[in-house]
Each structure stands twice: as C-alpha cells, then as structure tokens.
Amino acid sequence: MVALRKGLWPAFVSAMTMHPDPRALSGLWSAAPTAFCPDGALDEGAFAAHLGRWGATLGLAGLIVGGEEGEGPALTHDERKRLFSTAAEVAAGRCGLILDCSDPQEGRMADLMALAGALSVPCMLSLPRLPGARAQEATLLAFVTRAAREAPHGLVLDIHPGAGYLVAPRLAARLAETPGILALRYVAPASLRAELARHLDGQVPFSGGDEAIWLEEIETRGATLHLGGLAPLMLQSAACPHVAQYAAAALAGRREDAVIAHRALDPLRAAIAEMTPAEKPIAAAKHWLALTGFPCGPVRLPWLPLTAREEGRIERAFADHAPA
C-alpha cells in the first residue's frame, strides 16, 4: 500500500473525524452494523465499543446508524431510539453521525426525527414507497419539504431503487434544492449520476453509494463525499485505513498514488463479492467483521443467517485477503 506524503495523513484524519459542519458534509461515511447478543437481544455494550473504535481509527468522517445495513427495519421502535441515543453519546468527539430515521409509519418516523433533533444530529431518509410505476413529483416534493422542516440539523436523502421507482436526475436535483438538505445518496447508473452532477453544479454534495466508484467520482466530478454501506469497515484496518488513504491522495491531487492504492484493494473487493451469498449480505459482512475483531452477533429476520459451509468460505477468504 502506498504511503501518504509525510504530514498529510494526520491532518486528513483530523479533518475527517471531527463532528461535521452540517452545511459542508464531506468525507468517508460508513454504515454501522447493529450488534446483537447470541439470543438476539440488542447488545448496546458491543455496539458502543465498536462504534467508538471505528470512529477513532479508520479515517472516517462519520457513521450512519439505523439504516438497512444496520438492520434498522428489524429493530423495535424503542430499540432504535436506544441505539440512536447510544450512538450520539459515543460518537461525540470521535466522528460525525447521521441517524437513518426512515420508517413507513409516519408517526414513528416523526418520533425518530424529533429524537435526532434533540441529539443535535442530522437525519437520513429514504424516499417513500409509492403506488404506481413512476415517481410522483408533487408527492415527493411535499414529503421532502415537510421532512426538512422537522430536521433542524439537516437532512440527507437516500435515493435508491429500493423505493420501487427511479428518480430522474432533474427531480433529484429539485429535491436537493429544498432548504435543509445536506446531501444526497443517489444510487443510479453512471449516466444518471453524471446528469445529476450537471443539474446540481456543486451546490449540494452527493454520493453514488458504491465505494468502488468513489475514486472515479473524485476524479471526474470533484466529489468529496462518500455515503457508503459496510464496505469502508470491511476493506480497512486501524493499521492501514486503505479507503481513507486513497481518497486523501486523490483529494490532494496525487492521482498516481490514489490509483495505486485504489487498485490494491481490487483483490479484497473481489474476494468479498465472491464469498457473499446472494441473499445474505448482512450476515456475511457481520461474520467478516467478527474475524477482524468486531463481533456483532447474529442477524435478525428478515435477514438470513449463514450456514456453516458459508461461514467456512468467508473464513478462507479472510485468511487469504484480510486487510493488513
């Protein structure tokens, strides 16, 4: 792995791990998995311990808590609120925090957003599932406008195909114009991301959501923000935060160093993709993280657990490709 220029890495880590300016969201953000005890109960102690170490050692700007990668939909409403409060306490002074308050039930979503406001933390929301084959523009504008008013510390929009429709770049940019929107996670093909970048013209940061394309986004459109899933935790170690390193090199204008560091992760990316069962990404990620020293316990339904054979495949991949 290529080393960063002397003096740059400490400054980069310092800038990336402070609590974010709500009007200048940037840097490397990872989803945070939720820890459960062997009996399936919420393990707040393990969650707090892991969150603190991830926030302090991996060059992260922050962590996203309570989303799908964190099994948020499998938590009770009370558990989710407890998780939010624990995360806010642990993250203070270590890294930034975004709380995913997405919920199909309006009252629960509003309650989670009120808690995020009380904790002085930005919210993330996925766009609602709507009947019909096409996005309904007036409905989405009303939803985002109302939500932004209820998020005093800012709102991140998570726009992805899971909503059941494709939001066109023009509409995504119009949603981003809503006062209080901090950033977008826009999961879409490259041509649509490029069109969105033209519409936004740098006014609101956005992320494609896939770690493997972040270097390309930095180079082609000057992206400074990555709102990721669990990849930033799986690809890095405290000894060598690989993703943060190639981003720092790219943002410093050292393209050759950035490309070398990014390509060095290709075997690890391929190994993780190959060892992950198609229907069990959360369980596979949790087993991988346990091997790195961050046991997060079992998954909850509707996520499926691994078989012993699948666990063995992951352990062999880890032995051959684990981050240094």
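**Reading the model**

Tutor: Let's start with Val-187, which is partly exposed, with a relative accessible area of 33%. Buried means under 20% relative accessible area, exposed over 50%, and partly exposed in between (1.4 Å probe, protein chains only). This is a predicted model, where local features need pLDDT of at least 70, side-chain atom pairs count only at pLDDT 80 or more, and totals for chains, interfaces and linings use all residues. Residues are numbered from 1 along each chain as its sequence is written, and side-chain values use heavy atoms, with hydrogens and water left out.

Student: Where is the place of Val-187?

Tutor: Helices (H or I, at least four residues) and strands (E, at least two) are DSSP runs, numbered from the N terminus. Val-187 sits in the loop between strand S6 (181–186) and helix H7 (190–200).

Student: Which residues does Val-187 touch, not counting residues up to four places away in sequence?

Tutor: Contact means heavy atoms within 4.5 Å. By that rule, and leaving out residues up to four places away in sequence, Val-187 touches Ile-159, His-160, Pro-161 and Gly-208. As for Leu-166, 21 residues apart from Val-187 along the chain, the two C-alpha atoms are separated by 9.5 Å.

Student: Is Gly-312 buried or exposed?

Tutor: Gly-312 is buried, because its relative accessible area is 16%. Gly-312 belongs to helix H14 (residues 308–321). The C-alpha atoms of Gly-312 and Ala-239 are separated by 25 Å, and these residues are 73 apart along the chain.
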